[in-house]
Amino acid sequence: MSTCHQKKIAMINDLSGYGRCSLTVALPILSAMRVQCCPVPTSILSSHTGFPVYYFDDYTDHMEAYIEKWKELGLTFDGIATGFLGSERQIEIVKDMIAAFKTPETKVLVDPIMGDHGVPYATCTPAMCSRMKSLAAMADILTPNLTEACILLDLPYNDNEGDLKEEELEQLARRLQLLGPSSVVITGIRQGKYLVNVLAEGEKEVYFLKRLAVGEERPGTGDVFSSIIAGGCIRGWSLRDAAELAADFVKDCIIRSGQLQVPFQN
């Protein structure tokens with residue numbers, strides 16, 4: 001009998017039948033990283049919401065029964081990662097799941113998807129934001145963009161991202177750590193010709209990961225980035241190593257998509 005233990009991660013996110021985002025990108029990326037991706041769907045869509053029409057099925061009413069069977073089987077996970085959550089109830093279900101499955105060895109990554117470019121998503125009500133803060137407190141790794149970092153910290157969003165100094169970004173990351181997570185990555189801050197990710201890992205010096213901005217923004221790049229962070233960290237990599245790979249891979253994907261003239265939505 002083999003004693004090989006493949007790392008396993010419970011990935012909580014929506015599933016789009018067409019379009020590269022959410023669970024559709026997490027599954028192949030984590031598999032390529034030799035991590036078994038065990039999905040927990042929060043909703044089922046025929047295609048992601050960047051398309052003009054799509055079918056949407058809210059999976060909230062099924063999530064607790066789905067997770068309960070995992071409990072009955074006594075399953076364990078090396079990691080738990082959360083993506084888009086569409087309601088306060090879903091956040092509470094996920095918090096209960098983390099409480100039930102987390103061990104001292106389990107890494108929890110929370111991607112607090114609530115808005116972008118200074119604009120909260122329609123689902124991001126004040127009550128939803130409050131619940132998201134309580135979920136962030138359970139994370140080992142938190143990966144907000146700048147908009148989401150400001151929402152979590154009740155701060156105004158600065159439209160001129162390029163004006164933010166490293167000292168200000170470091171302070172944001174440290175304040176996010178005070179919410180509970182030991183590690184924070186503030187993602188995709190545009191500064192001049194660069195995209196900057198701000199990494200705070202424990203008490204280590206804050207690191208600024210810069211890559212040249214290429215191509216156009218595409219759906220799913222955040223899901224790709226957070227999936228690689230999650231996979232790398234449960235395999236024992238440093239946050240910096242995981243983020244370096246994630247930034248390089250996202251950049252390469254955008255360049256290659258442009259070369260192949262892949263439609264923006266796809």
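Visitor: Let's start with A242. Where does A242 lie?
Guide: A242 lies in helix α8, which covers residues 239–259. Keep in mind that this is a predicted model.

Visitor: Why does A242 count as buried?
Guide: Buried means under 20% relative accessible area. A242 comes in at 0% relative accessibility, so A242 counts as buried.

Visitor: And what separates A242 from G86?
Guide: Along the chain they are 156 residues apart, and 27 Å lies between their C-alpha atoms.

Visitor: Moving to α7, what makes you say that α7 is largely enclosed by the rest of the structure?
Guide: Of its 14 residues, 12 are buried, so α7 is largely enclosed. Among the buried ones are D223, V224 and F225, and the list also includes G231, G232, C233 and I234.

Visitor: How do you know that the reach of α7 is close to the expected one?
Guide: Helix α7 runs over residues 221–234, and from its first C-alpha to its last the reach is 20 Å.

Visitor: Which residue with a positive phi follows α7?
Guide: That's G236, with phi near 95 degrees.

Visitor: What is the phi of S22, and where is S22 placed?
Guide: Phi of S22 is near 55 degrees, a positive value in a residue other than glycine. You'll find S22 in the loop between β1 (7–16) and α1 (23–32).

Visitor: Why is S22 called buried?
Guide: The cut-off for buried is under 20%. S22 has 5% relative accessibility, so S22 counts as buried.

Visitor: What about H117: where is H117, and what is its phi?
Guide: H117 is in the loop between β6 (115–116) and β7 (119–120). Its phi is also positive, near 55 degrees, and H117 is a residue other than glycine.

Visitor: Why does H117 count as partly exposed?
Guide: Buried stops under 20% and exposed starts over 50%, with partly exposed in between. H117 has 47% relative accessibility, so H117 counts as partly exposed.

Visitor: Which residues gather in the patch of negative charge on the surface?
Guide: Those are D163, E167, E168, E170 and E205. One of them, E168, lies in helix α6, residues 166–177.

Visitor: What makes E168 partly exposed?
Guide: E168 has 37% relative accessibility, so E168 counts as partly exposed.

Terms used. Residues numbered from 1 in each chain as written. Predicted model: local features only at pLDDT ≥ 70, side-chain atom pairs only at ≥ 80, totals over all residues. Heavy atoms only, no water. Helix = DSSP H or I, 4+ residues; strand = E, 2+ residues; numbered from the N terminus. Expected span 1.5 Å × (residues − 1). Buried < 20%, exposed > 50% of the residue type's maximum accessible area, 1.4 Å probe, protein only. Patch = residues over 30% accessible without salt bridge, like charges linked within 9 Å, V, L, I, M, F, W, Y side chains within 5 Å. Areas by Shrake-Rupley, 256 points an atom, 1.4 Å probe, with all protein chains shown as cover. Salt bridge = Lys/Arg side-chain N within 4 Å of Asp/Glu carboxyl O. Lys, Arg positive; Asp, Glu negative; His and termini not counted. Charge placed at Lys NZ, Arg CZ, Asp CG, Glu CD.
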